[in-house]
Amino acid sequence: MSVLLKVNKIKTYFPIRRGLLQRVIGHVKAVDGVDFHLNELETLGIVGESGCGKSTVGKTVLHLIPPTEGEVIFEGDNLEELNEKEMQQKRMHMQMIFQDPYMSLNPRLTVREIITDAPVYHGLIDRKDTRKLAMKLMDFVGLSSRQLNRFPHEFSGGQRQRICIARALSLNPKMIICDEAVSALDVSIQAQILNLFRDLQQEFKLSYLFISHDMGVIRFISDRVAVMYLGRIVELAEKKELFTNPLHPYTKALLSAIPLPDPEQKKKRQPLQGEVPSPTRNYPGCPFAERCPMVIEECSTTVPQLTELGNNHQVSCIRV
């Protein structure tokens, strides 16, 4: 299986400015040295608490937010080295589905226009063929072609997300970044959309970078899972390996928080103490040390690196 996307030590920092001259006094380290790859026809899940940098990783991969440092290599091309025209062509194969299906749709456009504007702009189809393409894509995502001329406000949340999926498919991409793509939907609708993602992956030969805070969703949809904490990946493994043999204390805490379907069944919780540290601080050691139940003195001075421990299982912890 060939590698479609490779991310090398990307950092995305946002400057903090104060004073009349708006001088930079610090940085918010949203992403702080992330490494991973995505294979063809694979789904890589990225999971973690709110504010850990998951969404920023997705936007940095697409260069919607340029990285402060590091490389994003897609189909063998370093995106930093592409000019504007080359980047525009590359983005046709890299699409994104956002969390809020209403805010990401233009309320002034019909469904037909929303789905077909991009392929018309890129010269893939003529305007006279937009109806045919829109009907085809709406059928793929489970919408009726009779709804072609309706506006986004006339649809439910699940239907709007289907429109977003159809729009992403209109350019025949190779990779779709799903940024909390089902978190705004009811649980029953979530299941339908997740099944739709699986079906479309086979139909269109897609790779997914699936971002979510829900471990249940990640377990269902992913082939491999990356766990993020404070801008860094702390554990990366195959799905089955990570869920049956979690090694990082943060991953263990996340898994222990998954509710059980049987209310009579007891489960040992591993609650984390304290709050998520500030991404503006510099940490001489492990950023998780303040909340870790396994912390030792060395954790406050040594920065753990993501290390391969066998069975394609990588962990960032000096105690493992």
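**View 1. Ile97 and its contacts in the predicted model.** Looking past neighbours within four places in sequence, you will find Ile97 in contact with Gln161, Cys164, Ile165, Ala168, Ile176, Ile177, Cys178, Asp179, Ala181 and Phe197.

**View 2. The largest nonpolar core and another core apart from it.** Ile97 also belongs here: together with Ile165, Leu169, Phe197 and Leu200, Ile97 is among the residues with the most contacts inside the largest nonpolar core, which has 57 residues. Apart from this core lies another, of 28 residues, including Val34, Leu44, Leu62 and Leu236.

**View 3. The largest pocket, with a volume of about 670 Å³.** This pocket is lined by 31 residues, and Gly33, Asp35, Ile233, Gln305 and Leu306 are the closest to its centre. At least two lining residues come from each of strand 1 (3-18), strand 2 (23-39), strand 9 (224-229) and strand 10 (232-238). Strand 2 supplies the largest share, seven residues. By type, the lining holds 14 nonpolar, seven polar and 10 charged residues.

**View 4. The second largest pocket, with a volume of about 430 Å³.** Here 20 residues form the lining, with Gln95, Met96, Ala118, Arg167 and Leu171 the closest to the centre. Look for helix 2 (84-91), strand 6 (94-97), helix 3 (111-121) and helix 5 (157-169), as each supplies at least two lining residues. Helix 3 gives the most, with five residues. The lining of this second largest pocket is made up of 13 nonpolar, three polar and four charged residues.

Terms used. Residues numbered from 1 in each chain as written. Predicted model: local features only at pLDDT ≥ 70, side-chain atom pairs only at ≥ 80, totals over all residues. Heavy atoms only, no water. Core = buried A, V, L, I, M, F, W, Y, C linked by side-chain atoms within 4.5 Å. Buried < 20%, exposed > 50% of the residue type's maximum accessible area, 1.4 Å probe, protein only. Contact = heavy atoms within 4.5 Å. 1 Å grid on protein atoms, 1.4 Å probe; cavity = no way out; pocket = protein on both sides within 12 Å on 5 of 7 lines; lining within 4 Å. Points joined across faces, edges and corners; volume = space filled by probe spheres on them. Helix = DSSP H or I, 4+ residues; strand = E, 2+ residues; numbered from the N terminus. Nonpolar A, V, L, I, M, F, W, Y, C, P; charged D, E, K, R; others polar.
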